[in-house]
Amino acid sequence: MKLRKNILIARAILLNAPLLFLVSHSLAQESSSNPSASASASSASPNGPLAALRDVLTAACSQSQNDFSRFLTARNKESFARMAPAARVAFMKRFVLLNEAGKPSVTANPSGRPVVRCDTPAGAAEIQIGGADARDNVAFLPVDLRDATDSSGASAIQVNMGLVRENGEWKILSLGVVLLDLPSLELEWDSVEADKNEQTAIESLKQIAEAVETYRHKFARLPESLSNLGPPLRGAATAEAAGFLESELSAGMKNGYSFRYVIVGASGLGAPAKFELAATPLTYGRTGHRSFFRDASGTLRGADRHGAVGAASDPKLPVE
């Protein structure tokens with residue numbers, strides 16, 4: 001089961017995840033509230049760290065980015081908002097060790113502390129939250145995470161999660177013994193996401209080219225635009241909406257790239273029309289670095305053009 005495998009490798013993920021830094025590195029930087037306030041009295045209150053961590057785990061289970069970001073410190077929240085959507089989801093997955101968005105539910109253990117259950121099509125996780133050790137503006141809570149079907153507890157892992165009170169509200173400070181510090185590694189996340197988007201853009205260009213050729217074979221002409229390749233809004237497929245491409249690609253955008261289709265080469269002397277395709281990062285440096293170009297002969301090219309559209313002069317890419 002994927003869930004059991006995720007839990008078994010969780011210790012390595014929690015201790016070596018590139019999004020995290022040592023707590024001692026900047027504990028003081030994260031707290032901006034009154035240091036004389038007593039946190040112990042509010043640890044079990046509706047606005048205390050126990051309730052905050054419960055809501056963090058619930059949001060991570062459902063992969064609700066808006067709800068999750070409410071419990072990030074100001075610095076981390078800004079970086080989280082700048083991340084690509086897939087990177088934000090990958091970050092939330094670390095809190096529940098589940099690959100898919102789930103349906104959260106909350107119950108209480110005999111001590112009255114929350115137990116968050118996250119049900120997904122691939123399985124379920126159960127997360128029990130212990131009592132808070134709250135001192136001034138910082139609180140640490142023990143968390144026990146296990147496969148919900150594991151009654152023996154053999155797969156369970158235990159980790160402390162840290163929270164800090166910022167402007168009167170509890171925010172996530174650490175996962176295990178390490179401190180969440182998203183700004184320092186934001187570029188690393190962007191680089192990983194950009195690499196994935198570039199590979200997807202190459203695959204998408206191939207899909208578009210195949211759809212254009214299928215359209216030409218069926219209708220004896222090239223489509224006027226990418227929209228002619230998309231699914232019909234209603235009824236059967238026609239030359240206006242042939243149904244050869246998914247809606248995202250037929251609209252010219254997918255996974256951080258925009259796609260351009262141009263007809264070239266037709267002449268009054270009977271020369272057949274050809275076409276060119278281009279894929280360009282929507283946000284250069286964040287959603288991708290390279291621009292890609294499929295010339296009229298079908299050759300795929302790619303280069304870092306700093307966000308500009310690719311050209312026939314760009315280097316050829318190897319055919320996979």
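Biologist: What makes the span of helix α7 close to the one expected?

Modeller: In this predicted model, helix α7 covers residues 85–96 and reaches 18 Å from its first C-alpha to its last, close to the 16 Å expected for its 12 residues at 1.5 Å a residue. Leu97 follows α7, and its phi is positive, near 55°.

Biologist: Which residues of α7 are called buried, and what cut-off defines the term?

Modeller: Buried means under 20% relative accessible area. In α7 the term applies to Ala87, Arg88, Val89, Phe91, Met92, Arg94, Phe95 and Val96.

Biologist: Why are Cys61 and Cys118 said to form a disulfide?

Modeller: The cut-off is a pair of cysteine sulfur atoms within 2.5 Å. The sulfur atoms of Cys61 and Cys118 are 2.0 Å apart, and the pair therefore qualifies as a disulfide. The structure holds 1 disulfide.

Biologist: What parts of the chain does the pair tie together?

Modeller: Cys61 lies in helix α4 (residues 49–62) and Cys118 in strand β3 (residues 114–120), so the pair ties together parts that are 57 residues apart in sequence. Cys61 and Cys118 are both buried.

Biologist: Why is this disulfide called right-handed?

Modeller: The torsion about the S-S bond of Cys61 and Cys118 is about 90°, and the disulfide is therefore right-handed.

Biologist: How many helices and strands does the protein chain have, and what share of its residues is buried?

Modeller: The protein chain has 9 helices and 14 strands. Of its 320 residues, 47% are buried. The chain exposes about 15,700 Å², with carbon and sulfur atoms supplying 53% of that area.

Definitions and conventions:
Residues are numbered from 1 along each chain as its sequence is written. This is a predicted model: local features need pLDDT of at least 70, side-chain atom pairs count only at pLDDT 80 or more; totals for chains, interfaces and linings use all residues. Side-chain values use heavy atoms; hydrogens and water are left out. Helices (H or I, at least four residues) and strands (E, at least two) are DSSP runs, numbered from the N terminus. The expected span of a helix is 1.5 Å times one less than its number of residues. Buried means under 20% relative accessible area, exposed over 50%, partly exposed in between (1.4 Å probe, protein chains only). Accessible areas come from the Shrake-Rupley method with a 1.4 Å probe; for residues, only the protein chains shown count as cover.
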